[in-house]
Structure formats: structure tokens, C-alpha cells
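Here's a short tour for anyone who wants to click through the charged pairs and the strands around them. Open the viewer and keep the sequence handy.

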Amino acid sequence: MRNKQLMRLFIQIPCLNEEETLPLVLQKIPEHIPGVDSIELLIIDDGCSDRTVEVARRLGVRHFVRHTKSMGLARSFRDGVDYALKHGADIVVNTDGDNQYPSEKIADLVGPILREQADIVVGDRQTSDINEFSPFKKAMQRFGSWVVNQAAGTNIPDAASGFRAYSRNALLQLNIVTEFSYCMETIIQAGNKNIAITSIAISTNPKTRESRLFTNIFEHMAKSSGAIIRSFLMFKAQVVFIWSTLIFGALGMIPFIRYLYFLIGGRSSGHIQSLLAGITLLVCSIISLALLIISEVQRIQRKLLEDQLQRTKEIMYSTPLNDMWISRQSREADSDSPAKGSDKTL
């Protein structure tokens, strides 16, 4: 966290046609939080076709990121974080525009960051107590969180929760590459980058609408699985190739040794298939070993690139450039926006 006089908190709310529920989200957001000097609200308009932006402006929101078409939750999160950091955010809270999460709990959510106990805080919805979730969905939520925790080396009960707080330090280290949802990916990255992450228990508000991220639980499972696998391979590909090398090698030695046994006994005739099977499996083991070496080289290259990217971000989001960005946005807002706010369209 930067050593600066003011502590700025940005609360970003991705929205896709949320004109009815957005007022419910905004009305319980705390106006003051001990330890925070400035609380700013940021709406990410992910291609809204209703009056979401008008409602937000009427309710006093000054900061907007606007997508000309829907780009999804992961892109909305990434663009919102970029905007917040450019405007000097020290902490970024993400909540949803459908009023699923309790806005009044934001002070509790940022507490561990303010106390320097964590850099990421996840709101645990306690999914086992949510009446709207079927037993199958509750089981899949627990299993999905277990898989993510195994890949990350963390202990987050609700890995799919989008109610989160991030410190500036964490956001400078995280790089969102998935197109579906950032939730799983950021936990896996945090665990593998030794970013301090914790959770707090929350209770969710009554359901207001169906999810727009997926049409059914099976689509959600498929997309989440893809995001988990990609994130796992980004950091732990060598684990896959180590095990495949050992397994193929061990399996290959069994028929190969069997063939040698018959060969020494003078009974190798008719057992040539054992030799072929053993050679095939040993070749697979050698290929896995080669892939292991390649993945290790790529892991080192990725680490060097991420270190360079983090330093680039530190420069991009430094205080002098923050001041320049805010000044430019203010001039544009004064000339173009009647709400005297900042508005970025992508």
C-alpha cells in the first residue's frame, strides 16, 4: 500500500441493465469508514440498454466506465480496476448491481486490508444457508471451492463470491486473462504469488433475478472448470508433466521388464507386444519430460514478464500520473458531462 496521506476507496459495481436494483445497492453503501478518507462509487456499464446510467447519475455517482457492448464480468472487473487505480485508489471493492451482496458490510470487508492483515478479502456467502440454492448447487459450490483451494493453497470457503476487496498492492500483481469470471482466477493467482488472502462471513440479500453469466448450473460448471484449469496450468503445469513422466515411465517399465524376463529365459518369441507397449509408454514418458523442461522455462519467462508488468503498473498508476489522469478527466467532464464526473467509454 502506498505511503500517502489520503486513503481512497473505490467501490465498483458492474451493471447490465440494473436500473431497478441499483438504488438498493447504493442506498446502504456506507458514507464513512474509519481509516478511509475518500469513498468513490464507480459504475461499469457493461452495455446497458436501460436507464442504469441515468439512475446512477441521479443518485450521485460520478465515475463511469462504459462498454458499447457487453464484454462480460472479467473484462468489466479489469477495466474498473484500471480506472480506479488511475484515479488513485488504495482499495477497490467489487460488488454486483443486482443487490445480491450486503452493501452495508463493505466496512467489514475492507477491515482486514486497513489493518494490514490481508491484501484480498472475499465475502463468504455461506452457501449452505442460501435457500435459493438447490442441494446439487450447494454441493457443486463446495466442490468448486475445494478444487480452487487445492490449486491455490488457500482456504477460502466461497471461491465464487464476487463480493471482494483488493488492496492496491494485490491489484498491481494480479493479471486477469480469463474471459468468463475473475473470481477463481484471482484466488489461484493470489495463492501462487503469496498474496495474503482471507474471507469474512456475510449473508446475501433475497434473489432479484437469474444470473446473466450463464443459463444453467452446468454451463457455469463448464466455464468455471475451464477458468480453473487455465489458471492451474499457468502456475502448476510442471506438476502435470512431473506426474505424467513418472506414471508413463513406471507403466512402460512393467512390459519392458516382462519382455526382458522372457528374453533371458529364451522364451521371447510371442512376447514382442510387451516390448512395443513398453517402448511406447517410455516414449510418452520422455515426451512428458521434454514438456516438463519446456514448461519450467516458460514459468521462468512468465515470472520475469510479470515482474516487469508489475513495475510498469507501478509507474502507470503512480501519484504524478494519477494527478495528470484526474486533471484530464475533469477537464473532459466539465466540457462534456453535465454531472461533473468522469466517464470512460471502451
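**Salt bridges**

Keep in mind that this is a predicted model. The count of salt bridges comes to 13. Side chains of opposite charge can pair when their charged atoms come close.

| Pair | N to O distance |
|---|---|
| Arg125 and Asp158 | 2.6 Å |
| Glu306 and Arg302 | 3.1 Å |
| Lys105 and Asp108 | 3.5 Å |

Take Arg125 and Asp158, with their N and O atoms 2.6 Å apart. Arg125 sits in the loop between β5 (120-124) and α5 (135-152), while Asp158 sits in the loop between α5 and β6 (164-167), so this pair ties together parts that are 33 residues apart in sequence. Are these two buried or exposed? Arg125 is buried, and Asp158 is too.

Now go to helix α9 (residues 272-316), which holds both Glu306 and Arg302. The two are four residues apart there, about one turn of the helix. Why does Glu306 count as buried? Its relative accessibility is 14%, and the cut-off for buried is under 20%. Arg302 counts as buried as well, at 18% relative accessibility.

Lys105 and Asp108 make a salt bridge too, at 3.5 Å. Here Lys105 is partly exposed, with a relative accessible area of 30%, and Asp108 is also partly exposed, at 40%.

Which residues are linked in a network of salt bridges? Look for Arg8, Glu40 and Arg62.

**A buried aspartate**

Next, find Asp45 in strand β2 (residues 38-46). With a relative accessible area of 3%, Asp45 is buried. The side chain of Asp45 has a polar contact of 3.3 Å with the side chain of Arg66. Leaving out residues up to four places away in sequence, Asp45 touches Cys15, Val53, Val65, Arg66 and His67.

**Helix α4 and what covers it**

Helix α4 spans residues 106-114, and its buried residues are Ile106, Leu109, Val110, Gly111, Pro112 and Ile113. What covers them? The cover includes β1 (8-15), β4 (91-94), β5, β6 and β7 (197-201). After α4 comes Glu116, which has a positive phi, near 60 degrees.

β6 is one of the strands covering α4, and both of its own faces are covered. Arg164 and Tyr166 are buried on one side, and Ala165 and Ser167 are buried on the other.

How do β4 and β6 run? They are antiparallel, joined by four bridges. β5 and β6 run antiparallel as well, with three bridges between them. Ala165 in β6 is a handy place to look at both pairings: Val93 stands opposite Ala165, and Val121 stands opposite Ala165 too.

Technical notes
Residues numbered from 1 in each chain as written. Predicted model: local features only at pLDDT ≥ 70, side-chain atom pairs only at ≥ 80, totals over all residues. Heavy atoms only, no water. Buried < 20%, exposed > 50% of the residue type's maximum accessible area, 1.4 Å probe, protein only. Polar contact = N/O pair within 3.5 Å; in protein donor to acceptor, adjacent residues only side chain to side chain. Contact = heavy atoms within 4.5 Å. Salt bridge = Lys/Arg side-chain N within 4 Å of Asp/Glu carboxyl O. Pairing = 2+ DSSP bridges.
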